[in-house]
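Student: I have a model open and want to go through how its pieces pack. Can we start with the sheet?

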Amino acid sequence: MAGERIGILGGTFDPVHTGHLTAAVNVRFELSLDRVLLVVANQPWQKIGARPVTPAADRLALVEAAVEGCEGLAASAMEIERGGISYTADTVAELQAAEPSAELFLVIGADVAPALSSWARLEEVRRAVTLVIVNRPGTRVIAPGQHDLLAGWRTRFVEIPALEISSTDLRDRVATGRPLDFLVPPAAIRVIRQRNLYRGPR
Ligand code: ATP
Ligand code: MG
């Protein structure tokens, strides 16, 4: 659609949770975005070697189930279809090529901001998007020193309900048999159960 305002919320989504979804819907509302894409990383380069990441197809199925029926949110498989290591710069370039008149908003949680400077082809990303930062419990939105980090970026801050939910904790919950209810949408919990995810050795 011409002149669309598109949000990009990239993540590993291992698994997707209410924190991601709350960020997506509130950014969409506050910045009047047409849609927010939850872009599932194929191989997140930051996480390689740190722990086994759940197969991309499973993580995509979780996000698809989670956004079902939620207006303005969509799961995106573009990084999975591209294959290999996922770089935000490639995703942004692909969206720009597909929708040259769209305005792109890259959404990140405050915990991700300090790592920005290590991103591949940072300049390209900076030119192409408005960076949208949302608060995340445990991280100050702008810590001392981050001002420099964000120099040159078009930035917006969107305050969302603070939800202390992380995929790391949810994986641990499944492994130890604790409930996921109200932390993960019911449809995504069903996918976790059906595919028997997060039960293996951690
Ligand atoms: P993990 O614990 O495995 O790192 P995560 O919960 O951080 O998982 P990611 O897939 O790494 O989830 O996060 C994708 C994006 O969503 C990041 O920009 C992250 O900052 C943001 N995000 C994740 N959880 C929250 C939350 N509870 N509130 C706000 N933003 C969040
Ligand atoms: Mg994370």
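**Sheet and helices**

Tutor: An open sheet is built from 6 strands in the order E4-E2-E1-E6-E7-E8, with parallel pairing. Strands are DSSP runs of E, at least two residues, and helices runs of H or I, at least four, numbered from the N terminus; two strands pair if DSSP finds at least two bridges between them.
Tutor: This is a predicted model: local features need pLDDT of at least 70, side-chain atom pairs count only at pLDDT 80 or more, and totals for chains, interfaces and linings use all residues. Residues are numbered from 1 along each chain as its sequence is written, and side-chain values use heavy atoms, without hydrogens and water.

Student: Which strands stand at the edges?
Tutor: E4 (73–76) and E8 (154–158); each has a single partner strand, so one side of each lacks a neighbour in the sheet.

Student: How do E1 and E2 pair?
Tutor: E1 (residues 5–11) and E2 (residues 35–40) are parallel, over 6 bridges. Leu9 stands opposite Leu38 in E2.

Student: New topic. At what angle do the axes of H2 and H8 cross?
Tutor: Roughly 155 degrees, with the axes of H2 (residues 56–67) and H8 (residues 186–194) coming within 7 Å. Axes are lines fitted to C-alpha atoms, for helices over the stretch in contact, and angles run from 0 to 180 degrees between N-to-C directions. H2 and H8 are therefore roughly antiparallel (angles over 145 degrees).

Student: Which residues meet there?
Tutor: Ala61, Leu62, Ala65 and Ala66 in H2 meet Ala187, Ala188, Val191 and Ile192 in H8, where contact means heavy atoms within 4.5 Å.

Terms used
Chains are lettered from A and ligands numbered from 1 in the order in which they are written. Angles under 35 degrees count as roughly parallel, over 145 as roughly antiparallel, 65 to 115 as roughly perpendicular and the rest as oblique.
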